[in-house]
Structure formats: structure tokens, C-alpha cells
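The sequence and structure come first.

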Amino acid sequence: MSETVEPHELSQEDFLAEVHSFQFWLEAVDGYLGGTSFGCDPDLPEQTFAGEELEFLITTLCNYCIGERAALEASSGMIRFAPDPEAAIFLATQVVDEGRHLEVFVHRLKMLGVSDPWTEIDQRANHSLLKFKDRLLEFVDQRDWEASLLVQNVILEAMEFSAFQAHAASADPITAAVLTGVVKDERRHMGFGENDLGRKLLHAPHTRSRLNQIARELNTLALSTFSEIAESLGLQGETDVSANYLATMDRLGFPHG
Amino acid sequence: MSDFLSAFSIQSWLESCPQGYLDSTEYGHRPGEKESEAMLDNEDFLEQEIRTTVQLVLGERAALAASSGLINLAPDDPSRMFLATQTLDEARHVEIFTQRLYDLGVKKSDLDGTLANYGNPNLVKFAEVLLEKIDKGDFVAGVVGQNIVLEGMAFSVFEMMHATNEIANPKFAHTLSGTIADERRHVGFGENRIGSLLQAQPEKKPEIQKMQQEMTAHMLAVFSDSFAESEEVIQEVQTSADPDAGPAMYQGVDLNTADSEEMEAVLSNTVIGEFKTRLARIGLEYLPPAA
Amino acid sequence: MDDPLLELNKAGSEQPEARNSSDGARQRFVLGETGFNEVPRKYRKFYRKWQGEGDSLALNEVLCPVCLVVIRSSRELRVGDRVYCMPCMSRLIVTREDGILLAKVVY
Ligand SMILES: [Fe+2]
Ligand SMILES: [Fe+2]
Ligand SMILES: [Fe+2]
Ligand SMILES: [Fe+2]
Ligand SMILES: [Zn+2]
């Protein structure tokens with residue numbers, strides 16, 4: 001017989017040790033980043049954009065960069081207070097994923113003719129998103145693991161996941177390829193957040209009401225940002241950027257509304 | 001600056017590290033490689049290897065905490081991006097050296113106990129000096145402490161261990177060669193990025209030199225403890241070694257015949273020599289530990 | 001369970017190794033590559049992309065509610081089975097709702 005390991009037969013402890021490891025990350029990203037350059041096949045053709053279309057795309061990418069920068073700063077800050085060494089190693093893989101996301105979006109901006117992307121990002125930043133980022137980093141500074149996970153890995157990443165997926169479906173080939181790779185990384189981050197938070201809540205149900213309050217405050221900021229983005233890209237109607245987030249909160253047992 | 005930093009991008013890290021020298025490795029070594037039998041069968045040798053590996057895990061945990069903490073202090077995005085790759089490199093180092101402890105027979109449930117038992121208190125102090133700077137939000141001091149002092153030390157220690165293990169224990173030698181390749185980037189970033197920042201903030205120099213002085217003192221104490229503890233084992237290893245194995249040269253010293261005092265001297269002198277030249281290149285003066 | 005393994009009919013969809021026998025023995029499945037590339041190679045055949053409308057789940061498959069990837073097993077899945085979604089790191093239990101097998105995340 002072949003020496004494949006049926007993952008479903010692992011103990012929970014072994015499963016978590018496996019998926020949180022650098023080794024797992026290394027072999028996973030090799031599957032979809034091998035042969036790419038800045039997140040896409042270097043031979044993909046560039047599309048021509050109509051005036052306004054290009055403007056919207058640039059603003060959108062700039063705001064994706066704000067989100068990625070927030071995640072880069074927050075996930076790195078969380079390493080110092082991760083509950084165990086395996087979570088710290090997982091977060092280190094997330095740090096590099098977020099750095100990569102920022103890098104590929106910035107590179108895409110350059111390809112689209114933006115000569116100084118870093119300045120452009122600051123100029124086009126959505127205020128709700130900046131506020132969201134500040135609040136997230138406050139939780140990280142306070143070394144508040146549950147709040148940081150909720151705000152970053154559940155709220156921000158669940159909404160990004162929906163928005164990026166919807167955007168990829170209608171984007172030009174290069175942007176679509178870049179986004180598809182990012183979504184594959186976000187799957188890990190989002191899943192890590194939900195599962196770790198779910199385990200923590202089992203042992204500390206009293207944190208629920210505090211977290212619920214934080215969620216109410218912050219999901220409106222994220223939601224207004226991503227709805228605005230979806231609208232400017234013409235994705236509104238088919239895409240509900242909050243559906244994935246709401247489903248996650250539902251599974252975690254948070255009340256709706 | 002941004003041109004030079006493009007060499008430190010995540011894209012080039014992906015090409016050189018995961019898709020380069022780590023391609024098809026398992027925990028940093030070739031799949032299937034095992035620790036040397038001669039070492040595993042001898043209790044003293046084994047304990048010595050566990051003790052050494054514990055210091056590596058602790059050192060790498062400090063580097064992981066430090067490099068992740070530096071990301072938010074970085075003054076520009078390209079530096080943040082580089083530090084993101086360094087954070088993951090350090091996490092990998094923590095993982096592969098922890099895995100080595102398991103390969104040496106440490107049980108997962110005994111990991112914390114083993115680290116507490118064998119961890120050198122001077123190494124803990126060394127890390128504390130560095131992490132304190134980062135907690136205070138001092139990017140320049142943090143990078144000098146981490147990428148020049150800590151990494152400079154790690155780099156030389158790894159090279160020396162690599163020389164000892166190249167023939168005797170290829171599995172561990174391979175694990176080390178990947179970390180040496182990583183540390184090379186880290187040291188390079190430290191020098192290149194900090195040089196310009198220090199020029200802009202010369203008033204920071206005395207404080208940074210003081211940090212280097214304290215870290216050096218703790219480091220030398222770690223070396224002295226480690227070589228004193230291993231004096232007998234080193235002799236035992238050397239007498240039981242294959243006489244035809246040939247020399248294991250490090251900085252002109254044959255580690256297969258040198259005694260522990262000579263080893264400590266060659267390591268300390270190498271590390272301090274490196275500190276001096278690196279610090280000088282970024283405009284800092286090396287301060288020897290206060291007597 | 002010593003029936004010879006049947007060949008795949010097409011990539012990603014397998015023939016069961018043995019028909020469900022009356023004693024409730026589970027069907028076994030030989031898993032092939034699915035083109036899924038988000039986990040280490042040795043685990044790739046245990047997952048596939050959900051194609052959306054028109055796609056259906058085989059007896060050895062269940063959908064991850066967290067990340068919407070199809071999780072596959074080498075045996076028929078039944079209520080109470082535990083499966084893992086490696087792409088999003090979730091532990092799941094197979095349940096039945098309205099007659100359909102679903103995976104519920106267990107933290
Ligand atoms: Fe991201
Ligand atoms: Fe993410
Ligand atoms: Fe390291
Ligand atoms: Fe390093
Ligand atoms: Zn999943």
C-alpha cells in the first residue's frame with residue numbers, strides 16, 4: 001500500500017501540531033506559489049482599463065494594502081503573547097503571508113502605473129478601515145489574545161475572504177491570479193482564528209459578552225469599508241461581503257443583530 | 001534604499017529559501033536522515049547534545065520574539081517585509097531545533113521541563129537585555145541587538161557546530177547549514193539597514209554600545225558555562241572518535257583534537273572579532289564587557 | 001476488505017472499492033489527485049475544490065462549512081465520524097440535517 005497518511009485518523013493534538021507547523025506551511029504554499037512571481041504567472045497578459053475602471057482598481061488595491069498592513073502589524077505583535085509555541089509558529093507563517101500580500105498588491109499597483117505606491121496607499125486610505133486598524137492594534141498592544149483574534153482573524157479576514165473571492169471572479173487576469181493566491185492563504189488564517197477562538201470560548205464562556213461588544217463595534221467599520229469596495233467594483237448585488245463573517249459568528253455561538 | 005531593499009523582498013526570500021535550499025527538506029535536513037548512532041547510544045554524549053540543543057531553542061525563541069516585535073517598530077514598509085521573512089525564519093529555527101530535541105528522545109510532554117532544566121540562565125539574561133529595548137519601542141537598538149549581536153553570535157556558533165558535525169552527524173550538519181544560510185540574510189539586513197539609520201541618529205550610539213556591552217558579557221558567560229560543563233564529554237567524544245575521520249577545522253583549530261578551553265577561546269575570539277568589524281562598519285565602537 | 005482496488009474513472013471521482021454490504025460495512029474509496037494544491041502533497045487527495053452549483057458530494061465527501069472546501073475520506077462517511085479540514089485547520093463531525101450529510105465544526 002502507499003504510505004499516505006489519512007489526515008482524519010490523526011489525534012486532535014497531532015493534527016494541530018501538524019497544521020500549525022512551518023513544515024506544513026512550506027509544503028502547502030509550494031503547491032500554489034511555485035513558479036509564480038509576485039503572486040502570478042509572469043507571462044499573464046495585461047488588460048487595458050477604461051479611465052474610471054483603473055481608478056477604482058487602484059483605490060481598491062490601496063485599501064487592500066491597508067488591510068494587509070494591519071494584519072502584518074497585528075499578527076507579528078501577537079507572537080509575543082501567543083498561548084503556546086505552536087501558535088507562535090503558526091503566527092509567524094501568517095506574518096510572512098501578510099507581508100507577501102502587501103508586497104503583491106504593491107507590485108500590482110506598480111504594474112498599473114502607480115509610481116509611488118506607499119504614498120498612494122496613504123492618500124487613498126478609507127477612514128473606517130484606518131480606524132479599524134487602530135482599534136485592532138490597541139488590542140494587540142494590550143496583549144488581548146481573544147480580542148485580537150476576533151478582530152483580525154474573524155472579522156477582518158472573513159470579510160477579506162469574501163471580498164477577494166468575489167473580486168477575483170470579475171477581475172482582470174493578473175489581479176485575479178494575485179487575489180486567488182491570497183485567498184488560499186486567508187483560508188488558513190481565518191480557519192485558525194475561528195478554531196482557536198472556538199476552543200478558548202469553550203473554556204472561558206464569560207469572555208463571550210465582552211467579545212460580542214467588540215464585534216459589534218468593529219464589524220460596522222469593516223463592513224462599511226468592504227461594502228464600499230464591492231460597490232465601486234460593481235460587485236454589489238451578487239456579493240454579500242458579510243455573509244461569511246456572519247456564518248462564522250453563528251458557528252461561534254454569538255447572537256445575531 | 002528601496003532598490004537595495006528589493007533584495008530583501010518576500011519574493012526573493014520565497015525563491016531563495018522555501019523554493020531554494022529548503023526545497024525537499026524535512027525539518028531542515030534531508031528526508032530519512034537520522035542522528036548519529038554513536039551519540040544516541042552514549043548517555044553522556046546524548047545529554048550533551050540535548051543541553052546544547054536546548055540553548056539553540058531558547059536563542060531562537062528570543063530571536064522569534066525580537067524579530068516579530070521589530071516589525072511594528074520598523075520605519076518603512078520594505079523593512080517590515082524583510083522582518084516578516086525573518087520572523088518566519090526564526091519560527092522555523094525554533095521548530096527544527098525543537099524537533100531535534102524530540103529526535104534525541106525528549107518527550108513532547110517533557111519539553112518545557114527539559115528547557116527549564118538545561119537552559120542557561122545567562123542566555124535568558126542575554127535575551128532580556130534585547131527584548132527590553134524592543135518593549136521600549138527602540139527600533140535601532142533592537143536591530144543592532146538582534147541582527148548584529150544575537151545573529152552574529154548565532155552565526156559563529158552554528159558554523160562551529162557545523163564543522164564538528166559535518167562528518168560525525170550529517171543530519172544535524174544539514175539542519176545547521178540551512179539556518180546558517182538564513183542567518184546570513186539577517187546579519188546582512190542588520191548592517192545594511194541600520195548603517196543609514198544610525199547616521200541620522202548619532203545620539204543613540206552610547207546607549208546602543210552599552211546594550212552591546214551587556215549582551216556580550218552574558219554571551220561570554222554562556223560560552224564559559226557551556227565549555228566548562230562539557231569538558232569531560234568533549235574528551236570522551238574525541239577518544240572514541242574514528243581516528244581516520246580527519247580534522248574538523250574551524251578558524252584554524254581542529255575541533256577533533258582541541259580541548260574545551262581552546263574551543264571556547266576560538267569561538268569567543270571569532271565572535272568578538274566579528275562584532276568589532278560589523279559594528280565598525282555601521283559606525284559603532286565595540287565595548288568589551290565591564291570588568 | 002481484501003477486494004482488489006478499483007481504478008479511478010476520472011480524476012477526482014472514484015469508484016467505491018466494494019459495494020455496501022448488508023452488514024453495514026463501509027464502502028472504501030481509492031483517492032486520486034484532484035488538482036487541489038493548498039496543502040502538502042501527501043494530503044492533497046483528501047481535499048478538492050467545491051465547484052458550486054451542479055457539484056455533488058460522493059459518499060466519502062463532506063463540505064467544510066468554514067472554508068467551503070470538500071473534505072474526502074478513503075471510506076464512506078457516516079454520522080458521528082470525525083474529519084479534519086487541513087486548508088483551514090478545522091476539526092469537524094459529520095452530522096445529518098434534513099437528510100443530507102453535513103460537517104459541523106467542533107472546537
Ligand atoms: Fe492577508
Ligand atoms: Fe490573512
Ligand atoms: Fe535564527
Ligand atoms: Fe536569525
Ligand atoms: Zn475548511
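## A pair within one helix

A:Glu138 and A:Arg135 are both found in helix α6 (residues 127-141) of chain A, where they sit three residues apart, about one turn of the helix. The model is a predicted one. In it, the side chains of A:Glu138 and A:Arg135 form a salt bridge, with 2.7 Å from N to O.

A:Glu138 has a relative accessible area of 36% and is therefore partly exposed. A:Arg135 has a relative accessibility of 22%, so A:Arg135 also counts as partly exposed, since the buried class ends under 20%.

## A pair across distant parts of chain A

A search over all chains of the structure gives 43 salt bridges. One pair links distant parts of the chain: A:Arg108 belongs to helix α4 (residues 85-111) of chain A, while A:Glu46 belongs to the loop between α2 (22-33) and α3 (51-79) of chain A, and the two are 62 residues apart. In this salt bridge between A:Arg108 and A:Glu46, the closest N and O atoms are 2.7 Å apart.

A:Glu46 is partly exposed, because its relative accessible area is 39%.

A:Glu73 and B:Arg80 are both buried.

The two residues are also members of a network of salt bridges, which links A:Arg69, A:Glu73, A:Asp122, A:Lys133, B:Asp77 and B:Arg80.

## The negative patch on chain B

Which residues form the negative surface patch? The members are B:Glu43, B:Asp44, B:Glu47, B:Glu231, B:Glu232, B:Asp259, B:Glu261 and B:Glu262. Two or more residues of the patch come from each of α4 (43-71), α11 (231-240) and α12 (260-281) of chain B. The element that gives the most to the negative patch is α4(B), with three residues.

B:Glu262, one of the patch residues, is placed in helix α12 of chain B. With a relative accessible area of 42%, B:Glu262 is partly exposed. This value can count for a patch because patch residues need over 30% relative accessible area.

## A buried glutamate in chain B

B:Glu191 lies in helix α9 (residues 170-200) of chain B. Its relative accessible area is 15%, so B:Glu191 is buried.

The side chain of B:Glu191 is in polar contact with the side chain of B:Arg278, at 2.9 Å.

## The make-up of chain C

How many helices and strands does chain C have? Chain C has zero helices and six strands. Read from the N terminus, the order of its elements is β-β-β-β-β-β. Of the 107 residues in chain C, 48% are buried.

Key
Residues numbered from 1 in each chain as written. Chains lettered and ligands numbered in written order. Predicted model: local features only at pLDDT ≥ 70, side-chain atom pairs only at ≥ 80, totals over all residues. Heavy atoms only, no water. Patch = residues over 30% accessible without salt bridge, like charges linked within 9 Å, V, L, I, M, F, W, Y side chains within 5 Å. Areas by Shrake-Rupley, 256 points an atom, 1.4 Å probe, with all protein chains shown as cover. Salt bridge = Lys/Arg side-chain N within 4 Å of Asp/Glu carboxyl O. Lys, Arg positive; Asp, Glu negative; His and termini not counted. Charge placed at Lys NZ, Arg CZ, Asp CG, Glu CD. Helix = DSSP H or I, 4+ residues; strand = E, 2+ residues; numbered from the N terminus. Buried < 20%, exposed > 50% of the residue type's maximum accessible area, 1.4 Å probe, protein only. Polar contact = N/O pair within 3.5 Å; in protein donor to acceptor, adjacent residues only side chain to side chain.
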